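Here are a few notes to go with your first look at this one. Have the model open while you read.

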Amino acid sequence: MVTVSTNIFFYKHPSLQRNSKTQYSKTQWWHHDDLELRMMNLKPAWLLLLFISAVVWSVPIDRNDAEQDQKQEAQEENMDTGLYYDRYLREVIEVLETDPHFREKLQTANTEDIKNGRLSKELDLVGHHVRTRLDELKRQEVSRLRMLLKAKLDSANTQSLQMDHTSLLKQFEHLDPHNQNTFEAKDLELLISTATKDLENYDAERHEEFKRYEMLKEHERREYLKGLDQEKREKEEKRLQELKEKHRQHPKVNAPGSVAQLREVWEETDGLDPKEFNPKTFFKLHDTNEDGVLDEQELEALFTKELEKVYDPKNEEDDMMEMEEERLRMREHVMKNVDLNKDRLVSLEEFLKSTEKKEFSNPKEWETLDAKPLYTEEELQRFEAELRDKEEELKRKAETLRQEQELLRERGKALQAQKREYQQAVLEMSQRQKEQQEAGNRQPPAGPNGQLQFQPQTHKPEEIKAPAEAQNNLPAEPPQNLPTHT
C-alpha cells in the first residue's frame, strides 16, 4: 500500500514537553539573563519545520486505521515544542493547514525551500478567512507579549507609562514588531527562521545546563563535607567514593546505532530471533508514528536498554539527570553518523546506508559520562564565585525586603494608633450630639387636663436673707413732715 505522509512543522519528542528530567531546574535560577522573562528562557526547543515525506509502507504488522487516527491525534495534542511562543506557533500552523492551496504547496516543498523562506510567499494566495484568522492570532500574541513586558517592568519597579512597546517588542524575533495588526509573509518567515535557530541551539544549551548541574552537585558535596568534623568527613568521603565506584561497575554498553545494540533491542524489546535481524523490518517496527522517518523521540527510545545497564532509579549512586544526558549523547552520536542531510530525521534510506558502514559492525567502545570529567577545577572555581555573587545579591535583596517590611510594620502601628484616636473622637462627638438632642427635646410637666404646670420658683435661704440684710443695713433717713406738738 502506498501512502503519502505529511509531517508538518513539528516533530514529536518527549523533551519537547520540558519535563522535570530535562529541565535541570536546580541550575536555571542563576543561569538566565535578568533582562529576559523566565518564560522566554524556555527558548531552546525541538521543532522540525515543514518536513514532507512520501514513503512506501511495508510493515509486516496489521494495524487498525481507526486506532492509527486516534494515536496520531493523541500525539498531536501532546505535542509541545517548549518555545515561549509555542501556542502561537501551533495555532498559526493549524490555520494555514485549513487552506487547500497552502497545504498543496506544503506537500511539494522541500526542507530548504521552507528554511529559505520561499514558502512564505505563498501566504498572499491563501483565502480571506485564513488571513483574517492569522491577523487575529497575531494581535492576540502582541497583546500577550505586552502583558509579559509590563509584568517584567513592574517587577523591576519601572514606570510602565514610559514604555515604548515597539522598541521592546523587537526582542521577540518570531514576529514583525513594526506591524502589530496584520499577519504578513514576513511574520511567517520570521516564525520559521526563529524556530529553526532555537532548534539548532537547543542541544548545546542542554549540555551547558547539565554541566552546571554537575558543578552544583560537586559544590554542595564540598560544602557538606566542610561542615563535618575530621572523623566524620573521612568516613563520608570513603562512603561517597564507594558509591562512585559501584556506579562504574556496570555491564558493557553497546555503541548506539551499532549492530550489537540494535540486535539487543530486536531480541529483548521486540521479542524476535536475533538470527533473523533485518534492518528494514527493524526500521518499520520502530517508526511508531508511521511517518516514514525515525525522529529523535523514536531514536532515543532505542537506547533504553543500554541506559538501564548503567542507571537504576532505586540506586543511590545513579543520577537520573545523568541518564538523560547520556541519552542525549547517544542520540547525537547516531544523528552525526546516520543523518546525512542534517534535517534531524533518519529516513529509511539513510538508516539502510548506515548499516553498510564499517562502524555498524565494528564500532568504537562507547564511553559513558563517568569515563572523563565534564569540567575543570578552574571552571568549578568560577562557578562557585558566580554562586557567591548571586548569594550576596540575594542577601542584599532580602535585607532590603526586611527593612521595607519593618517600615511597613511601623507605619501599620501608626495607622492603628491614629485609627483609635479617630474612633474615640467620633465616639465623644456622637455622645455630645446625643446629649444636646435630649436637652432640646425636653418639655415642662403637664397637669391632669393637659395644661402646663409651672413650679414655683424656690430660692435658697441665702438668696432671701441677703435682700433683708441689705435693707437693714441701709442708712436711716430723718423723718420728714412730722406733726408739730404744742
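1. The chain exposes about 31200 Å², and carbon and sulfur atoms supply 49% of that (Shrake-Rupley method, 1.4 Å probe; for residues, only the protein chains shown count as cover). Keep in mind that this is a predicted model, where local features need pLDDT of at least 70, side-chain atom pairs count only at pLDDT 80 or more, and totals for chains, interfaces and linings use all residues. Residues are numbered from 1 along each chain as its sequence is written, and side-chain values use heavy atoms, with hydrogens and water left out.

2. On the overall build: there are 19 helices and 4 strands (DSSP runs numbered from the N terminus: H or I of at least four residues for helices, E of at least two for strands). Of the 486 residues in the chain, 37% are buried (under 20% relative accessible area; exposed is over 50%, partly exposed in between).

3. Now the contacts (heavy atoms within 4.5 Å). Taking those with a separation of 6 or more, 75% are between residues 24 or more positions apart.

4. Is E141 buried or exposed? E141, in helix 7 (residues 128-155), counts as buried because its relative accessible area is 5%. Apart from neighbours within four places in sequence, E141 touches Y85, Y88, H174 and L175.

5. Compare E231, which sits in helix 10 (residues 230-248). E231 is exposed, because its relative accessible area is 67%.

Methods
Buried < 20%, exposed > 50% of the residue type's maximum accessible area, 1.4 Å probe, protein only.
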